[in-house]
Structures are given as structure tokens and as C-alpha cells.
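Q: Hi! Could you walk me through this one while I have it open in the viewer?

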Amino acid sequence: MKNDRLKIAIQKKGRLSEASLAFLNSLGLKFTPNGHSLIQKCENKDIDLILLRDDDIPEYVSRGVTDFAIIGQNVLLEKKMEAEVIRELDFAKCRLAIAIPEDSLIKTFRDLEGERIATTYPNLLKDYLIKNNINSAIIPISGSVEITPELNLADAICDVVQTGNTLKAHNLKPLVTILESKALLITNNVVKKGKQELKELLLK
Ligand code: PRP
């Protein structure tokens, strides 16, 4: 089934979801929830809102499936996919940090040499370690990174920190910030009817 309507992707559930929808609403785009459907129609324009896992969003945009999307800079950089950033947004501010247990023998960044670091951001972590000439074992996982030191899967973690509450709950403390991040509005170079007009609205 082919659907040629313009599409905007946002995160289905998480840090960016509510603020992304509020941003689109503030531009006058109103979407109707459609039961449990992950596609919502815009009430006043020929546009669909697509609700996705945030780490899948770069794939959808770079392949031209969705025309626009709101994504965290951290996720976009980790996925290393083609997308044009057309606007920085003022929400979902967080940082990607390496953190260690409060009582760790690791005291400085250089002490990470030879240690195990668990992360859901293996590409960004790898780039950062190479740039700084540190050789650690990267342990890629999909979530709940903060529990890996207490379960002895890792000696340190590299994860998103916003309030710092999750780190504290697991007796972890930040050692070094590797990236500051915020929400971005992205697009691709696929030409579609009505896309320029929607882009102008999104840039208002
Ligand atoms: C991140 C991260 C932490 C939490 C940190 O998860 O993995 O669990 O946020 O936030 P805090 O500093 O405010 O406690 P996120 O909600 O982004 O989900 P995901 O990384 O599992 O997709």
C-alpha cells in the first residue's frame, strides 16, 4: 500500500515525545489520536504523523520514507545517517556522559584504559575514545545501562544524563561529558509535492 502524503516522524514514547507534539501543535498542526495506531492524521493539512522508536528515526528520514522528523542530536550522530538539520529545538537537552561507580578506583578519564564501558552509543563512544587515545572494551547493549557496573558487566557506562537521577539511583557519578545534545528538526533531499510549503511552516 503506497501512501504519498507528507510525513513527520516523532518519538512514540520518551524524552522527546510530548515536547515534539507540543511543538507541532504550536505551529497549528493538530493531530487526531487514532486508537493505538502509530500513524495519526493531521486535522487541518494533508500530513501524517508517524510515531517511531527514536533510534529508528534516522533510518526513516535518510531513506526518504518520512519527510521530516524530530530527533535527539545524540541519536542522529550515533546512527551516522544522511539527514539535513533544518532547525535546532529548545527541548530534550541532555548530555552523553561516561559515568563510574561512586567507589570506583577509576579516578580520571585516562584510568579508563583497559576497562569495560557499557553503552547504547557504541559509535559515539568509540570515536571519542579513539580521538583521546584510550583503549577500553566497549560493551554494546540496548538499555538499562546503569545497572551494568553493579552486576559486573562493566566498569563504567556511557549514557544519556538529563537530571542525573538515574545515575544517582545506581550510585554512579559522571566522569566526562562526551556530547551535549538537544532536539533537532531534520529532513532529507527527496523532492515532494507540498514539502517546501511544510518546511516553511516548520521553520516559522
Ligand atoms: C536515558 C538514560 C537514562 C535516563 C537518564 O534513557 O538511558 O536511563 O535517560 O535520565 P536522567 O538523568 O534524567 O535520570 P531514555 O529515557 O533516553 O531512554 P533510552 O535511552 O532507554 O531510549
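Q: Let's start with Lys80. Is that residue buried or exposed?
A: Lys80 is exposed, because its relative accessible area is 52% and the exposed class begins over 50%. Keep in mind that this is a predicted model.

Q: Where does Lys80 sit in the fold?
A: Lys80 is in the loop that joins helix 3 to strand 5.

Q: And what is the phi of Lys80?
A: Phi of Lys80 is near 50°, which is a positive value in a residue other than glycine.

Q: Which loop holds Glu82?
A: Glu82 is in the loop between helix 3 (73-79) and strand 5 (84-88). Glu82 counts as exposed, because its relative accessibility is 68%.

Q: Moving along a bit, what does phi look like at Ala92?
A: Phi of Ala92 is positive, about 55°, although Ala92 is not a glycine. Ala92 belongs to the loop between strand 5 and strand 6 (94-101).

Q: Buried or exposed, that Ala92?
A: Ala92 is buried, because a relative accessible area of 12% falls under the 20% limit.

Q: What about Cys94, which element is that in?
A: Cys94 lies in strand 6. Cys94 is buried too, with a relative accessible area of 8%.

Q: How far apart are Cys94 and Glu84?
A: Cys94 and Glu84 are 10 residues apart in sequence, and their C-alpha atoms are 21 Å apart in space.

Q: I'd like some distances for my contact list. What does Asp159 do with the ligand?
A: Asp159 places a polar side-chain atom 2.7 Å from an oxygen atom of the ligand.

Q: What about Thr163, how far is its side chain from a ligand oxygen?
A: An N or O atom in the side chain of Thr163 is 2.6 Å from an oxygen atom of the ligand.

Q: How much of the ligand does the protein bury?
A: The protein buries 65% of the 500 Å² that the ligand exposes when taken alone.

Q: Let's jump to Asn188. Where is that?
A: Asn188 is in the loop between strand 11 (183-187) and helix 6 (195-202). Asn188 is buried, with a relative accessible area of 10%.

Q: What does the side chain of Asn188 contact?
A: The Asn188 side chain makes a polar contact with the side chain of Lys195, at 2.7 Å.

Q: One more residue: where would I find Arg63?
A: Look in the loop between helix 2 (57-62) and strand 4 (68-72). Arg63 is exposed, with a relative accessible area of 63%.

Q: Which side chain does Arg63 pair with?
A: The side chain of Arg63 makes a polar contact with the side chain of Glu59, at 2.5 Å.

Q: And how far is Arg63 from Asn74?
A: The two are 11 residues apart in sequence and 19 Å apart in space, taken C-alpha to C-alpha.

Q: Last bit, the whole chain. How many helices and strands are there?
A: The protein has six helices and 11 strands. Of its 204 residues, 45% count as buried.

Q: What box do the C-alpha atoms fill?
A: Along the principal axes, the box is roughly 60 × 35 × 30 Å.

Conventions. Residues are numbered from 1 along each chain as its sequence is written. This is a predicted model: local features need pLDDT of at least 70, side-chain atom pairs count only at pLDDT 80 or more; totals for chains, interfaces and linings use all residues. Side-chain values use heavy atoms; hydrogens and water are left out. A polar contact is a pair of N or O atoms within 3.5 Å; within protein, one must be able to donate a hydrogen and the other to accept it, and residues adjacent in sequence count only if both atoms are side-chain atoms. Accessible areas come from the Shrake-Rupley method with a 1.4 Å probe; for residues, only the protein chains shown count as cover. Helices (H or I, at least four residues) and strands (E, at least two) are DSSP runs, numbered from the N terminus. Buried means under 20% relative accessible area, exposed over 50%, partly exposed in between (1.4 Å probe, protein chains only).
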